[in-house]
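Subject: Structure handover

Hello,

Here is the structure you asked about. Please open it first, then read the notes below.

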Amino acid sequence: MRTHTVDHPLAAALLTTMRDARTDNSAFRTALRDLTRILIYEALRGAPVRHFEIATPVALAEGSRLAQPPLLVPVLRAGLGMVDVAAELIPDARIGFVGIARDEDSHQPVPYMESLPDDLAGLPVYVLDPMLATGGSMRHTLELLVARGATDITAVCVVAAPEGVAALADSGHPVRLITAAIDAGLNENAYIVPGLGDAGDRQFGPR
Ligand code: URA
């Protein structure tokens, strides 16, 4: 599996704001938006484009646009904070949703909703989830996507644990990972260490 860890001082500064326990919900949401913008830029690097002719005020010129805008799939609830800015950057993107809660005792993913196009053949898919911890939610999402014919999937995550990266690689699914950091590991509650806490609570407040 291809993994790209974004190495950029602005990404590191935004991640620092998100990690800091003193950052309030509003500032956390803003930093997540800004960091998602960087992650999406990186995810799209090298994406196929179509070329066409335009006229500048001075002369004809070659223009380009994405050949195939991806389907964006935020994993609810934490991925919600990533989807608006991704859709602003890729206005032609379609958007699907997957809802997965976490059983706090077993740490297993508990799926509760999906809203996805039936046929994903030939369509790039970007799954948006800030935290790749055990990889359970992401694997469940990959299974939903692959069952619909997806063959080109990008997981866009702010922080990943080595356990989650290994779970994606072992899944055998056609996925690559774009992240801002790969942290040390998971604690006994399956939280990423040092991580940034519960990415849903940090955005929206505790449930
Ligand atoms: N989900 C989170 O929001 N944070 C973690 O550290 C792990 C899973």
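Start just after helix α2, where Gly-46 takes a positive phi of about 80°. Helices (H or I, at least four residues) and strands (E, at least two) are DSSP runs, numbered from the N terminus.

Two points on the source. This is a predicted model, so local features need pLDDT of at least 70 and side-chain atom pairs count only at pLDDT 80 or more, while totals for chains, interfaces and linings use all residues. Residues are numbered from 1 along each chain as its sequence is written.

Helix α2 itself

Helix α2 covers residues 25–44, which is 20 residues. From first C-alpha to last it reaches 28 Å, close to the 28 Å expected at 1.5 Å a residue. (The expected span is 1.5 Å times one less than the number of residues.) Its buried residues are Phe-28, Ala-31, Leu-32, Leu-35, Thr-36, Leu-39, Ile-40, Glu-42 and Ala-43. Buried means 20 or more other C-beta atoms within 10 Å of the residue's own; exposed means 12 or fewer; partly exposed is in between; C-beta atoms are placed from the backbone.

The annotated domain

UniProt, in an unreviewed entry, places the feature "domain: Phosphoribosyltransferase" at residues 6–205. UniProt positions are given in the numbering used here, feature names are shortened, and annotations may be inferred rather than shown by experiment. Over residues 6–205 the chain is 34% helix and 30% strand. The end C-alpha atoms of that stretch are 28 Å apart.

Around the ligand

Which residues are around the ligand? They are Ala-78, Met-131, Ala-133, Tyr-191, Ile-192, Gly-195, Asp-198, Ala-199 and Gly-200. A residue is near a molecule or strand if its C-beta atom, placed from the backbone, lies within 6 Å of it. The shell divides into six nonpolar, two polar and one charged. Here Ala, Val, Leu, Ile, Met, Phe, Trp, Tyr, Cys and Pro count as nonpolar, Asp, Glu, Lys and Arg as charged, and the others, Gly among them, as polar.

The core

The largest nonpolar core has 51 residues. A nonpolar core is a set of buried Ala, Val, Leu, Ile, Met, Phe, Trp, Tyr and Cys residues joined through C-beta atoms within 7 Å. Val-127, Leu-128, Ala-155 and Val-156 touch the most other members. Leaving aside residues up to four places away in sequence, Leu-128 touches Leu-72, Val-73, Pro-74, Val-75, Gly-79, Met-82, Val-83, Ala-86 and Val-156. Contact means C-beta atoms, placed from the backbone, within 7 Å.

Leu-120 sits in the loop between β7 and β8 (125–128). Is it buried or exposed? Leu-120 is buried, because 22 other C-beta atoms lie within 10 Å. Beyond its neighbours within four places in sequence, Leu-120 is in contact with Leu-71, Val-125, Leu-145, Arg-148, Gly-149 and Ala-150.

Backbone points to check

There are cis peptide bonds to look at. One joins Leu-76 and Arg-77, with omega about 5°. Arg-77 is in the loop between β4 (71–76) and α3 (80–89). Another runs from Val-193 to Pro-194, with omega near 0°. Pro-194 lies in the loop between β13 (192–193) and α6 (199–204).

His-107 has a phi of about 65°. It is found in the loop between β6 (97–102) and β7. His-107 counts as partly exposed because it has 15 other C-beta atoms within 10 Å. Ala-190 has a positive phi near 65°. Ala-190 lies in the loop between β12 (185–186) and β13. With 17 other C-beta atoms within 10 Å, Ala-190 is partly exposed.

Single residues

Arg-102 lies in strand β6. Arg-102 is partly exposed, with 18 other C-beta atoms within 10 Å. Not counting residues up to four places away in sequence, it touches His-107, Pro-109 and Val-110. Arg-102 and Gly-136 are 34 residues apart in sequence and 9.4 Å apart in space, C-alpha to C-alpha.

Glu-114 is in strand β7 (residues 109–115). Glu-114 is partly exposed because it has 16 C-beta neighbours inside 10 Å.

Pro-57 is in the loop between β2 (49–55) and β3 (60–66). It has 4 other C-beta atoms within 10 Å, so Pro-57 is exposed. Pro-57 and Asp-105 are 48 residues apart in sequence and 63 Å apart in space, C-alpha to C-alpha.

Best wishes

Conventions
Contact = placed C-beta atoms within 7 Å.
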